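Good morning, everyone, and thank you for coming. Please take a moment to look at the model before I describe it.

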Amino acid sequence: MKKKTISIFLAAAMTMGLAAGTPTVFADEEYDLTLYSIMTTDSDFDDWLANVEEATGLNINVIAAPTDSDTRQQKITTILSTGDSSVDIIEVNDEMCAAFKNSGWLEGLNDTVMTEDIRGEFPQGYMKDMITDKDGNIIGVPGYSGYLAFWVNQEILDEVGIESIETKEDFLAYMEAVSGDGRYGYGGSWEKTYVFNEIAQFVNMFGGDYFDWTKEENKEAIQFLHDLVANGQTPIDQIADKYEQMNPKANDGKYGCWFYWGMGSEYDNEGMLSDDKIHMAMVPDFSGKGERSIFTDSWSYVLNSASPNKEAAITFLNYMASEGGMEASYKAFARYPARADVAEKVVPDTDPGKEMYSRYASECNVNGRPMVAQTMEFISDMGTIFQSCMKDEITVDEFCEKAQQLVETYQ
Amino acid sequence: MAVSKKSMRWIPWLLILPVVLIRIFTTLYPILATIKNSFYDIRILAGVNEFVGLANYMKIFHDPKVITSITFTIIFVLVSMALHIILGVGLAMILNMKFKGRRFIRTIVLIPWAMPTVVIGMAAKWAFNNDYGLINDFIRWFVPAYQNSWLINTGSARGAVIAMDLWKDLPFFAILVLSGLQFISGDIYEAAKVDGANGIQCFFRITLPLIAKNVLTLCIPFTLWRLTSFDLVYAMTSGGPGEDTALIAYRITTEAFTNLNVGYAAALAIMLFLVMALISWINIRFMNKIGD
C-alpha cells in the first residue's frame, strides 16, 4: 500500500511537472515580414523599429541574431541552405556576403531595390567586390559604410615634429622617430583571423593583388611588415591581439598609427577622440603615383530567396536604401550612410568623421575586402602563415608561395 | 484481481519508453548521422555533398592542421593529467590535514571549478597579456624588466593553456581524491607508526595503494574531458599562435561550425570517439588489474 501511494504521488508529480513545463501557446500575431537582426541589443533599436514600421506601414517581426559571430554565421547558413522560409530579411556581413552571393539563396535586387538611379550613390568598389554575384545581380542593400581608416596619434606626431604621413618615406620616418621605450610607430591587430584586414590593406597600398602572390608588390608589402617587426617599429606581441587588446594600447599612446574600422567610439569613450589626440588621417600613398587605397565594409540587408513575403520585404528594403531609412539608421545606431548623397545631406558637419569619410570616398580607391566563398577558412589559414612569417619561422618567399597555394585552393 | 509477475515485466519498459525514445532521437540518431556524414564530402558553402568513402579519414593523416592539433592534444592530455594526479593528490593530502580553517579552505579551492570555462578563457587572454596582464605584473615585482608575451610563442602559449586548465579543474580533482583519503582508517597509520614507518613510507605503502583505484577511476572522466576540451582554447587563444593550441575538439568545432566542412568534421569526431573508447578501455583494464 505504501509503495502504491508513493508511486501515485510520483506519477502525479511527474504529470504536473510536464504540464508546468509546457509553454502556453498564444495565437500568433500577424506579421508582414520577419527580420533577422544584429542590432536588437542596441538601446535605440525599438525607436528605430517604430520608425521603420511607421514609414513602411509594415508590421515587422524581429528575431535577434546571436551575438557570437560563429554561431550567427552557422544559424544564418542553416536558414538559407535549408530553404527555411520563416525569415525574410537577414542582416549579413561581408564574410557572409562572400559566402552566399553565388549560392542562389539570396534574391537579386537589381530591378526592385538597387535600381540604376540610386546604384551610383553606393561605393562602387564595394558593390562590385562584395554584393554582386557572378551574374551581375546585386544581392544586398548596404546598411552603412565603414572604412578601415588610418588613425594617428596627434600628440605623438607633434612630439616628433612630423606634420602628416603622406608617403612611404613619411611613414618610415615616423616609424623611426616614434619607436622605442615600449612605444611603436605602427600598431595592429594581428590575431590570425583579424590580421587579414591589414595584410590586404598593405598589399593594396603597395599596388599588389591579394589573389596573386606571384606579384612583386605583394612580396614587398609582406617584407615591409616583416621589417617593421624586425626593426622594433611594430610589436610581435600583437599576433595575440584582437581589436579589444589593440585599442587600449592605442589609447595609452603606445602606437603612433594604426588601421581600424568605425568612427572611433573606443577612443571617444576614453576622451581620446579629437584633432589634437587620436583622429583619422588620409591613408598614405605608398605607390608614389598618388593612388591611395582603402577598404570599406558593411552589414547588408539581404532577401531570402525562400521568403513568402517578398512584396513586403521589398518595401522594407526600398526604405532601407532610401534617405529616410539611412537617416534612421544613422540617428539610432550612428551608422554612417552608405549612399554618398544621403551622407552629404544627413550627417552634420559637426560629426568628427564626416570630413575624413568624404575624403576617403572621393580621394581613395574604395574596395570591398578580397574574400572567397570559404572566407573564414581562407582568412584563418592566411593569418596562420603570416604569423609564422613574422616570427621568422618561414621566410617572406615561403610565405608568398604558401599564400599562392591557399589562393588556388580556396578561390 | 491479482496481476501476474509475468505480465508485469513489460511495465518497466513502458515506463522508460519516453526516455528511450528521446535518447534515440537526441543521441543515437545524431551518432548514426555523424557516422554516415563521415563518408561524405559535405561542404555547405561550396555546395558539395558527395560520397567519398574513406577519403575524409585518409585526409586526417595528411592534414598539417589536424596533425598539429593531435600533437597538442596528446601533450595537453598527458601533461595536464600527470599534473592533475601529482598536484591533485598533493592538494588532497593538504586538505586532509587537521588545521584551523580547513573547512573554509576546502570550500574556496572549488571556486575556479565553479566558474564557466569561457569566462576563465577570456580572463586568461588578458591575464597573459604582456602590457596589461596580472601574470607579468606579478613577475615584475621580482624581475622589474620582465617582458614576455605568453600567447605568441608555441611553447609558452601551450603552457599557459595547460596552466589555466589546471587552475580550473585541479581543485575538483583534489576534492574527489580527498573523499577517497577520508575512507582510510587512522588505525592503519597508527599501526604503521608503531612498526616504525615514517611519513614517506606511510604515503607510498598505505595512502597511495589505497587511493590508487579511486585516482584511476577519476582519470577516466578527467582524461575524456581533456580530450573533448574546446571552450578554454576557443576563448583564450582561438587556437593560436597559428594553429599551435588548437585542441582536436576545437579543430572539429572549427571545421564543423566555422568552415562548415561537415563531412570532414564528422570523420574527425568519429576518430576522436574511437580514441576515447580505447583510452577508457585501457584505463578500465588497468583498474581491474589493480583491483585483482
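Helices (H or I, at least four residues) and strands (E, at least two) are DSSP runs, numbered from the N terminus. Counted that way, chain A has 18 helices and twelve strands.

What you see is a predicted model, in which local features need pLDDT of at least 70 and side-chain atom pairs count only at pLDDT 80 or more, while totals for chains, interfaces and linings use all residues. Residues are numbered from 1 along each chain as its sequence is written, and chains are lettered from A and ligands numbered from 1 in the order in which they are written.

Let me turn to one helix pair. The axes of H2(A), residues 45–56, and H14(A), residues 323–333, come within 9 Å and cross at roughly 165 degrees, where axes are lines fitted to C-alpha atoms, for helices over the stretch in contact, and angles run from 0 to 180 degrees between N-to-C directions. That angle makes H2(A) roughly antiparallel to H14(A), a label used for angles over 145 degrees. Among the residues in this contact are Trp48(A) and Val52(A) of H2(A), together with Ala328(A) and Phe333(A) of H14(A); two residues are in contact if their C-beta atoms, placed from the backbone, lie within 7 Å.

Finally, which chain does chain A touch? Chain A has 23 residues in contact with 20 residues of chain B. On the chain A side, helices H3, H11 and H17 each give two or more residues, and H17(A) gives the most, with five.

Conventions. Parallel < 35°, antiparallel > 145°, perpendicular 65-115°, else oblique.
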